[in-house]
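This report describes a protein chain from its computed geometry. The sequence and the model are shown first.

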Amino acid sequence: SPRLTTPRSHEPRPVCRLEGHQDGVLCVAYSRTIDVFLASGAVDGSVLVWNILKRAVVHSLRGHRSAVTGLSFSLQDSLLASSSKDGTVVLWSVRVNPTDQRGAGTGGTAGAEGTPGHAVRT
């Protein structure tokens, strides 16, 4: 499970614990515009987007067949890129709402929750 630490502390300490993946977490990324959203990628190929203030999952994204190895939000947080050991990079359509801090959106352009918009095999 991902652990958040305070950057000002000399010794890291857990701030909260986020539980939701079925397997180990390999990577995390903070949203660029609203710092309450965090994405995490796991060994089982899943990507979760969290509201860390509410400690709740706002998106559960599935589109990889192997471990997720990297995550990055776009500059306006409208897209989330995930890379995997299966040789793909998936671009997810993810909108984070600064007003209600719940997040909204779909996985991809097809409009179905958890469906990748674009997959690129490397």
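**Basis.** This is a predicted model, in which local features need pLDDT of at least 70 and side-chain atom pairs count only at pLDDT 80 or more, while totals for chains, interfaces and linings use all residues. Residues are numbered from 1 along each chain as its sequence is written, and side-chain values use heavy atoms, with hydrogens and water left out.

**Overall make-up.** The chain has 11 strands and 0 helices; these are DSSP runs numbered from the N terminus, with strands (E) of at least two residues and helices (H or I) of at least four. Read from the N terminus, the order of elements is therefore β-β-β-β-β-β-β-β-β-β-β. Of the 122 residues in the chain, 42% are buried, where buried means under 20% relative accessible area, exposed over 50%, and partly exposed in between (1.4 Å probe, protein chains only). The accessible surface comes to about 6,800 Å², and carbon and sulfur atoms hold 50% of that surface. These areas come from the Shrake-Rupley method with a 1.4 Å probe, and for residues only the protein chains shown count as cover. Among contacts (heavy atoms within 4.5 Å) with a separation of 6 or more, 39% are between residues 24 or more positions apart.

An open sheet is formed by 4 strands in the order β3-β4-β5-β6, with antiparallel pairing; two strands pair if DSSP finds at least two bridges between them. The edges are β3 and β6, each of which has a single partner strand, so one side of each is left without a neighbour in the sheet. From one strand to the next, the twist averages 20 degrees, taken between axes that are lines fitted to C-alpha atoms, with angles running from 0 to 180 degrees between N-to-C directions. Within this sheet, β3 and β4 pair over 5 bridges in the antiparallel sense, and Val28 stands opposite Ser40 in β4.

Elsewhere, β8 and β9 run antiparallel and are joined by 5 bridges. Ala81 stands opposite Leu91 in β9. The hairpin of β8 and β9 has 3 residues between the strands, and Gly87 there takes a positive phi near 90 degrees.

**Nonpolar core.** A nonpolar core is a set of buried Ala, Val, Leu, Ile, Met, Phe, Trp, Tyr and Cys residues joined through side-chain atoms within 4.5 Å. The largest one has 23 residues, and the members that touch the most others are Val49, Leu61, Leu71 and Leu80. Two or more residues each come from β3 (25-30), β4 (37-42), β5 (46-51), β6 (56-62), β7 (68-73) and β9 (88-95). The largest contribution, 4 residues, is that of β5. Not counting residues up to four places away in sequence, Val49 touches Leu38, Ala39, Ala56, Val57, Val58, His59, Leu61, Phe73 and Leu80. In soluble globular proteins, nonpolar side chains tend to be buried together.

**A buried histidine.** His64 sits in the loop between β6 and β7 and counts as buried because its relative accessibility is 9%. Leaving aside neighbours within four places in sequence, the residues in contact with His64 are Gly45, Ser82, Ser83, Ser84, Asp86, Thr88 and Val90. The side chain of His64 makes a polar contact of 2.7 Å with that of Ser82 and another of 3.0 Å with that of Thr88. A polar contact is a pair of N or O atoms within 3.5 Å; within protein, one must be able to donate a hydrogen and the other to accept it, and residues adjacent in sequence count only if both atoms are side-chain atoms. From C-alpha to C-alpha, His64 and Gly87 are 9.0 Å apart, with 23 residues separating them in sequence.

Most residues other than glycine have a negative phi.
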